[in-house]
Amino acid sequence: MSSMSSRTARADLAVRADLARRRRVRASRPRASSSASSSASSRDEGELELISLIETGARDDAVARAIGRLVDAFDVSRECEDVRALVDALEGTWRLVHSTKTEFDASAPLGRRADATTPGLEALFSILFDDEKKKGNASNGVEASSSPIQRAVLQKLNDGGFAVRQGVSLARDGRGRVDQAVCFGRGGWFRLSANATLESPNATDARARGRINYGFDLAYLDVKSPFEARVPYPVPFKLLGKEAMGYLTCDYVSENVRVSTGNKGTTFVFVKEEKSALPYADELYGAE
């Protein structure tokens, strides 16, 4: 087993061990808190089921049902009373372990956004290829689809080629950064970094509660082997405008597991790791 896959396996075992520990602690508590303990225990069982299904390569529909049960039992406005509490829940390094899949849509090669917006080049493809049925609108639903790059990265993840990590670093007011890091083991990493703003868990728009709105403004490939080099992203993000912006919902979050859905309809399952698992952790979080 490679060092990267070994580290991944240890992280999954750590998640399972911590869930088991939390169940033992709750079982030892007085019966007076049995109702709350039962609810928390049920969520722990749901997380264990989800992680087990993902680890064993279960069918996508079985994983989707497990995700649905967790999400249905979670209300961010009830679990996190304010932005500060949600910042505490989201802060840190999260490793992507599962994502839903979308088919390539030739009429929207850059992907299709769930809210029906089509900024920049996405608008051009929409004008050229979309018929009225496909265009839809935000009220009647849109067939969202991910971009080719995202599909390629997630397929490689499913094949076990590398690890995808997300670093969330937010100030107490909910402003900060969210990074996506595609880690190639000892070979280096690709960093895609964005400024971020966290929506209140009590936002008027229920769909926006706990959502991370982001705008990419930094990206580079950091090569470590067989030689060291840093290659910047070739296109200035300012030229991309709204195409470089998006969001991640907060469908579920706990000490160990997080579920989010992106603006192009992909649902992601993350597990919590040590902050240091992000290769440039000190730069993002600050030296501790």
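## A buried ring and the strands around the fold

At 17% relative accessibility, Phe216 counts as buried, because the cut-off for that label is under 20%. Welcome to this predicted model, in which Phe216 is a handy place to start: the residue belongs to strand 5 (residues 212-223) and is part of a cluster of linked rings.

**The chain as a whole**

- The chain has 288 residues, and 45% of them are buried.
- Its secondary structure comprises 10 helices and 10 strands.
- If you look at contacts between residues at least 6 apart in sequence, 62% of them connect residues at least 24 apart.

**Aromatic rings**

- How many aromatic pairs does the structure hold? There are six aromatic pairs.
- One of them brings together Phe216 and Phe237, whose ring centres are 6.3 Å apart; with the planes at 35°, the pair is tilted.
- Phe216 sits in strand 5 while Phe237 is in helix 9 (residues 237-240), so this pair ties together parts that are 21 residues apart in sequence.
- Like Phe216, which is buried at 17%, Phe237 is buried, and its relative accessible area is 12%.
- Phe268 and Phe270 form a tilted pair, because their planes meet at 40°; the ring centres are 6.2 Å apart.
- Both Phe268 and Phe270 are buried.
- Which residues make up the ring cluster? Tyr214, Phe216, Tyr233 and Phe237 are linked into a cluster by ring pairs.

**Charges over rings**

- Arg211 is placed over the face of Tyr247, at 4.7 Å from the ring centre.
- Lys275 is likewise over a ring face, that of Tyr285, and here the value is 4.8 Å from the ring centre.

- The side chain of Glu47 makes a polar contact of 2.4 Å with the side chain of Tyr252.
- Gln180 is part of strand 3 (residues 175-183), and its side chain has a polar contact of 2.7 Å with the side chain of Gln166.
- Beyond its neighbours within four places in sequence, Gln180 is in contact with residues including Arg165, Gln166, Phe190 and Tyr280.
- Phe216, from the ring cluster, is also among the contacts of Gln180.

**Strand 1 and its two partners**

- Strand 1 (residues 92-99) is mostly covered, and eight of its eight residues are buried.
- Strand 1 runs antiparallel to strand 2 (residues 163-170), and four bridges join the two.
- Within that pairing, Gly92 is opposite Val168 of strand 2.
- Strand 1 also pairs with strand 10 (residues 267-273), again in the antiparallel sense, over six bridges.
- Here Trp94 is found opposite Lys272 of strand 10.

- Where do the side chains of strand 9 point? Val257, Val259 and Thr261 point one way and Arg258 and Ser260 the other way, and all are buried.
- Strand 8 (residues 252-253) pairs with strand 9 in the antiparallel sense over two bridges, and a hairpin of three residues connects them.
- Val253 has Arg258 of strand 9 as its bridge partner.
- On to strand 10: strand 9 and strand 10 run antiparallel and are joined by five bridges.
- Val259 has Val269 of strand 10 as its bridge partner.
- Strand 9 and strand 10 make a hairpin that leaves five residues between them, and in the turn Gly265 has a positive phi of about 85°.
- To draw these pieces together, strand 10 is paired with strand 1 and is joined to strand 9, while strand 9 pairs with strand 8.

Notes:
Residues are numbered from 1 along each chain as its sequence is written. This is a predicted model: local features need pLDDT of at least 70, side-chain atom pairs count only at pLDDT 80 or more; totals for chains, interfaces and linings use all residues. Side-chain values use heavy atoms; hydrogens and water are left out. Buried means under 20% relative accessible area, exposed over 50%, partly exposed in between (1.4 Å probe, protein chains only). Contact means heavy atoms within 4.5 Å. A polar contact is a pair of N or O atoms within 3.5 Å; within protein, one must be able to donate a hydrogen and the other to accept it, and residues adjacent in sequence count only if both atoms are side-chain atoms. Two strands pair if DSSP finds at least two bridges between them. Rings of Phe, Tyr and Trp (its six-membered ring) pair if their centres lie within 6.5 Å; planes under 30 degrees apart count as stacked, over 60 as edge-to-face and the rest as tilted. A charge sits over a ring if NZ of Lys or CZ of Arg is within 6 Å of the ring centre and within 35 degrees of the ring normal.
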